[in-house]
Amino acid sequence: MTSQIYTVQKSGNLFFINAAIARLDAEPAIVRLLVDTGASQTSFSTVLLADSGYTWDLSTPTTAMVTGNGIIRSPIVRVAWFNCLGKRVERFPVLALDLPNSIYMNGILGMDFLALCRAVIDIDNQQIRLP
């Protein structure tokens, strides 16, 4: 069986990968994600999610996260679908984070998705390989 190989974009010591999420009222949104093996869950900016038609309120389930600034609570939002590394997952749960508005990234690709795909990160060759 042949592995699928995806080249990442490198900036300094950081890896980025493109992905797509379903927008509720338009064409899919193409996003740039930071590949972060230290993040347990995939996260998108609150601005991206809101612009894509997703909503949350006080009744939305949340999770506690430890960050450099302490413990925060973040809403868990299920996107209609998420496509990254050639894998499309329906109703994928992501965290809505107040990320800085940046041209460099729209979110964080966490270990939940990387483990689901059984991803192998090849630092030397700047690739992510899937079995």
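Contact here means heavy atoms within 4.5 Å of each other. This is a predicted model: local features need pLDDT of at least 70, side-chain atom pairs count only at pLDDT 80 or more, and totals for chains, interfaces and linings use all residues. Residues are numbered from 1 along each chain as its sequence is written, and side-chain values use heavy atoms, with hydrogens and water left out.

**View 1. Leucine 49 and what it touches.** Setting aside neighbours within four places in sequence, leucine 49 is in contact with Ile21, Phe44, Tyr54, Trp56, Val77, Val79, Val94, Leu95 and Ala96.

**View 2. The largest nonpolar core.** A nonpolar core is a set of buried Ala, Val, Leu, Ile, Met, Phe, Trp, Tyr and Cys residues joined through side-chain atoms within 4.5 Å. Buried means under 20% relative accessible area, with exposed over 50% and partly exposed in between (1.4 Å probe, protein chains only). The largest core has 31 residues, and those with the most contacts inside it are Phe44, Leu49, Phe82, Leu85, Leu109 and Phe113. Among the elements giving it two or more residues are β3 (14-21), β7 (70-84), β8 (87-97) and the helices α1 (46-51) and α2 (111-116). Helices (H or I, at least four residues) and strands (E, at least two) are DSSP runs, numbered from the N terminus. There's also a second, separate core of five residues, and Phe16, Leu34, Met105 and Ile108 are among its members.

**View 3. Strand β7 and its partners.** Two strands count as paired if DSSP finds at least two bridges between them. Take β6 (residues 62-67) to begin with: six bridges join it to β7, and the two run antiparallel. Here alanine 64 sits opposite arginine 73 of β7, and a hairpin links β6 to β7 through two residues. With β8, strand β7 pairs in the antiparallel sense over eight bridges; isoleucine 76 has leucine 95 in β8 as its bridge partner. β7 and β8 form a hairpin too, with two residues between them, and leucine 85 in that turn has a positive phi of about 55°. β3 pairs with β7 as well, antiparallel over three bridges, with alanine 20 opposite asparagine 83 in β7.

**View 4. An open sheet of three strands.** The order is β1-β11-β10, with antiparallel pairing. β1 (4-7) and β10 (120-122) stand at the edges with a single partner strand each, so one side of each has no neighbour in the sheet. β1 and β11 pair over four bridges, and tyrosine 6 has isoleucine 128 in β11 as its bridge partner.
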